[in-house]
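Here is a short tour of one protein model, written for someone who likes to know which residues sit where. Have the structure open as you read.

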Amino acid sequence: MKQKLWTKNFTLITAASALGAVGGIAGSFALSFLVFDETGSTFASALIFAVQLIPYFVIPLFAAPWMDRLPRKPFLVGGDVLNGVLYGLAGICLMRGQFSYSGYLGFSLLLSALGAFDELAYNCFYPKLIPEGMEEKGYTVSAMLYPVMKVIMTPVSAMLFEWLGVAWLLILQAMLSFAAAAVENGIDLQERRRMDGENFSFRLWKKDICEAAGYLKKERGLCSIYAYMAVTNGVAGGYAPILVAFFRTAPGLSVTMYSLFSVAEFLGRSLGGAVQYRMKLPAEKKFGFAFGVYQFYEWMDMCLLWIPFPLMLLNRACAGFLGINSAAMRQAAVQRYLPEHLRARVNAFENMCIMAAGVFFGLVLGALGEVADYRFCITAAAGFSLVFCWLTIWRGRREVRAVYEAESDSGSE
């Protein structure tokens, strides 16, 4: 019998993710305007962003060992319920009282902590809901969901913001979080508690961290993938202020033209997702394809600001088309390769690396943009990523290839 992707569990997790994405986009849109409207300070907004990063360093380190030993579904459902409560209370407070910047800082920290927890639980739970052999299709759906929702919900959020105001948008976000929790609660999956007769303690936490560190030390292929992903994502994140400044200052360009980048990339990702969903690359060709995409992506970034605007849009569309294919393939391969009992801890390590690289390269590129030509900044950063790809992915190609080409789930216990 042919295996199908859209089982009950996969349909429910996709529906819950869509509800969460819709609410998150609307809520984030409202809150980003709320802070600036109330404070009139870009630094105040930047400080909120910095505070929101803190839990993504701290939470995974302490929560991942616990999550590897306990069922993940309660974390996911409980996180959405708490998220709904917080957004609901925030909406009610705004209806009844004045805005408090210090209170909002604390609120942002709480939301970010829940977000870090929820992301960790989702990344560990999601692979268990994809039928065997359907991993790449499943991750294609996951990769497409947020971009599609963002394109749809950003203009809708703008209209709702004008019609309803911030408070009611936060109430809407709360209701969508509760709805997502209800949908997730309907997922039928047997998970077992793995405490080995011990109570959770610092000694057990340390043992679990050491176990994960020992595993990663032996897995050169995974470490090469994680290192390159951290650098390339960190560099790409650092592009944002440089691109905004370039489009604000270059003759003949504008912020509106910059906004078309996201449309071009979305169209490329949509077409790429459709191709990825219907086609399956043979296992022996996956590494070569992925490495080729990485090279192409860095070269596209290197020449991005040196070409006419229509070619810039084509550049982004091509990058989006190939990017979603390589991303879905990589996520499926890595999650399939990881042992189930280590998945939360290893995923936490990857997330922490990406977050640290994002902060580092964001600051470096921001400082470089103060003294150097914007085009040089992007080209130099992409060139660095290109060289780093050769030093990690190509240099460790034998071990990286083993991760990409593993067909069976090595994580079964």
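## The largest cavity

Let's start inside this predicted model. Helix H4 is the main contributor to the lining of the largest cavity, giving the most with 3 residues. The elements that supply two or more lining residues are helix H2 (42-69) and helix H4 (101-125).

The cavity has a volume of about 50 Å³, and the count of cavities of 30 Å³ or more comes to 1.

## Aromatic pairs

There are 18 aromatic pairs in the structure. One of them joins Tyr126 and Tyr139: the ring centres are 5.4 Å apart and the planes stand at 65 degrees, so this pair is edge-to-face. Tyr126 sits in the loop between H4 and helix H5 (135-164), while Tyr139 belongs to helix H5, so the pair ties together parts that are 13 residues apart in sequence. Both tyrosines, Tyr126 and Tyr139, are buried. They also belong to a cluster in which ring pairs link Trp6, Phe10, Tyr122, Tyr126 and Tyr139.

Another pair worth a look is Phe291 with Trp394, which is tilted, at 5.2 Å centre to centre and with 35 degrees between the planes. Phe291 is in helix H10 and Trp394 in helix H13, so here the pair ties together parts that are 103 residues apart in sequence. Are these two partners buried or exposed? Phe291 is buried, because its relative accessible area is 10%, which falls under the 20% cut-off. Trp394 counts as partly exposed, because its relative accessibility is 31%, between the limits of 20% and 50%.

## One face of helix H14

Now turn to helix H14, which spans residues 397-405. Which of its residues are buried? They are Glu399, Val400, Val403 and Tyr404. Looking down the axis of H14, you will find these buried residues within an arc of 140 degrees, so they line one face of the helix. A handy reminder for reading such a pattern: an α-helix has 3.6 residues a turn, so residues three or four places apart point the same way.

What do the buried residues of H14 pack against? Their partners are helix H8 (220-249), helix H10 (286-303), helix H11 (309-337) and helix H13 (374-394).

Key:
Residues are numbered from 1 along each chain as its sequence is written. This is a predicted model: local features need pLDDT of at least 70, side-chain atom pairs count only at pLDDT 80 or more; totals for chains, interfaces and linings use all residues. Side-chain values use heavy atoms; hydrogens and water are left out. Buried means under 20% relative accessible area, exposed over 50%, partly exposed in between (1.4 Å probe, protein chains only). Helices (H or I, at least four residues) and strands (E, at least two) are DSSP runs, numbered from the N terminus. The arc is that of the directions from the helix axis to the C-beta atoms. Contact means heavy atoms within 4.5 Å. On a 1 Å grid over the protein atoms alone, a cavity is a set of points where a 1.4 Å probe fits but cannot get out, and a pocket is an open set with protein on both sides within 12 Å along at least five of seven lines; lining residues have an atom within 4 Å of a point. Grid points are joined across faces, edges and corners, and a volume is the space filled by probe spheres set on the points. Rings of Phe, Tyr and Trp (its six-membered ring) pair if their centres lie within 6.5 Å; planes under 30 degrees apart count as stacked, over 60 as edge-to-face and the rest as tilted.
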